[in-house]
Amino acid sequence: ERKLILDTDGGVDDAQALLMLIAAGRTPDLITTVFGNVDLTAATRNILSVLAVAGKPEVPVQMGADRPLAQPAIDATNIHGADGLGGAPRPATIPNPVGRDGVRVLIATLQEATEKGEKVDLLMIGPLTNLALAIRQAPQCVEGVGQLTMMGGTIHGRGNITPAAEFNIFSDPEAAAVVFGADIEIIMVPWETCMTQKIEGPEVDQFFAALPDGPYQVFSHALAHHARSVIKGFGGGDHMRFVDPLAAAVVINRTIVTKSQQACVEVALSPGVTRAMTVIDPTGRLGTPNVSLVENADLDRVIALYQASIAYDTPQT
Ligand code: BDR
Ligand code: CA
């Protein structure tokens, strides 16, 4: 199996996505962090907490970009809580090796793979700044990328942060434009598809009721509880949606995608209401289709992966 690099901005569903990868046996070989849902320091702390809860002190973590390429940073603490994890109880110890050299290590890992005739898969669930910086500094590093699966953008122009734009792209549109313009095989998990992937709140509680009450379950239940309360706060009823975890599920098993479409994707960069909108062209007028857009996924299997992730038997317990 190919090496996997996870690039994440450390929010509630980023944590759920990472737990899903670990439980499915696809623990990332490297994690790079980025500003986004919270600032870079908090995002990194959150990822270290997830790794500590899951008993994975050996996974290397590298801090990447702390700001977008060409605009001030925004965050999403209104959604993910002030700490980015909805206040989930976390262990104090963070034994993982941590570096502050995310972009350099990303480049080196991709170049090393190319030298060995290998490829590395990427899963990006935050703003695309780290990879954009890597491409700017060392354009040939893209040769080392196998598949890039990313959560971000919209397929029908229905955004979550603005009417037209999705948060990860809106957080750094210039970076997204660099990534979509690179010669990389991209699997894009757009916002509207994520909105169709949800589980009812009581079903989540039923899963947890059958599990022991150890620190791992208390942590993952707190994440689910926060995600549900955010949706309730928006008047959306009691359920939980799979956003970043859907992208993780696609990496774990590509056959979870039941419908997709090839298209060329460009990011609108002009100021105004369309800024950061992903423009989808399946016709080839904007260029050769370079992106596989996930339009639907097998929800039962996504839920099964989620269920397995909360039932995960950590190495320490
Ligand atoms: C994306 O932004 C973040 O809030 C989530 O973690 C997800 O990556 C959804 O727009
Ligand atoms: Ca995220």
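How are α5 and α7 oriented to each other? Their axes come within 8 Å and cross at roughly 60°, so α5 and α7 are oblique to each other. (Angles under 35 degrees count as roughly parallel, over 145 as roughly antiparallel, 65 to 115 as roughly perpendicular and the rest as oblique.) Thr129, Leu131, Ala132, Ile135 and Arg136 of α5 meet Ala175, Val178 and Val179 of α7, where contact requires C-beta atoms, placed from the backbone, within 7 Å.

Before going on, please note that this is a predicted model: local features need pLDDT of at least 70, side-chain atom pairs count only at pLDDT 80 or more, and totals for chains, interfaces and linings use all residues. Residues are numbered from 1 along each chain as its sequence is written, while chains are lettered from A and ligands numbered from 1 in the order in which they are written.

Now turn to helix α1 (residues 12–23) and helix α11 (residues 244–252), which pack at an angle of about 20° with axes 7 Å apart. The pair is therefore roughly parallel. On the α1 side the contact includes Asp13, Met20 and Leu21, and on the α11 side Pro245 and Ile252 are among the residues involved.

Finally, look at the sheet: it is open, has ten strands with mixed pairing, and runs β4-β3-β2-β1-β5-β6-β7-β12-β10-β11. Strands count as DSSP E runs of at least two residues, and helices as H or I runs of at least four, numbered from the N terminus; two strands pair if DSSP finds at least two bridges between them. β4 (98–99) and β11 (278–281) stand at the edges with a single partner strand each, so one side of each lacks a neighbour in the sheet. β3 and β4 pair in the parallel sense over two bridges, and Gly99 in β4 is the bridge partner of Gln62.

Notes: Axes fitted to C-alpha atoms, helices over the stretch in contact; angles between N-to-C directions. Contact = placed C-beta atoms within 7 Å.
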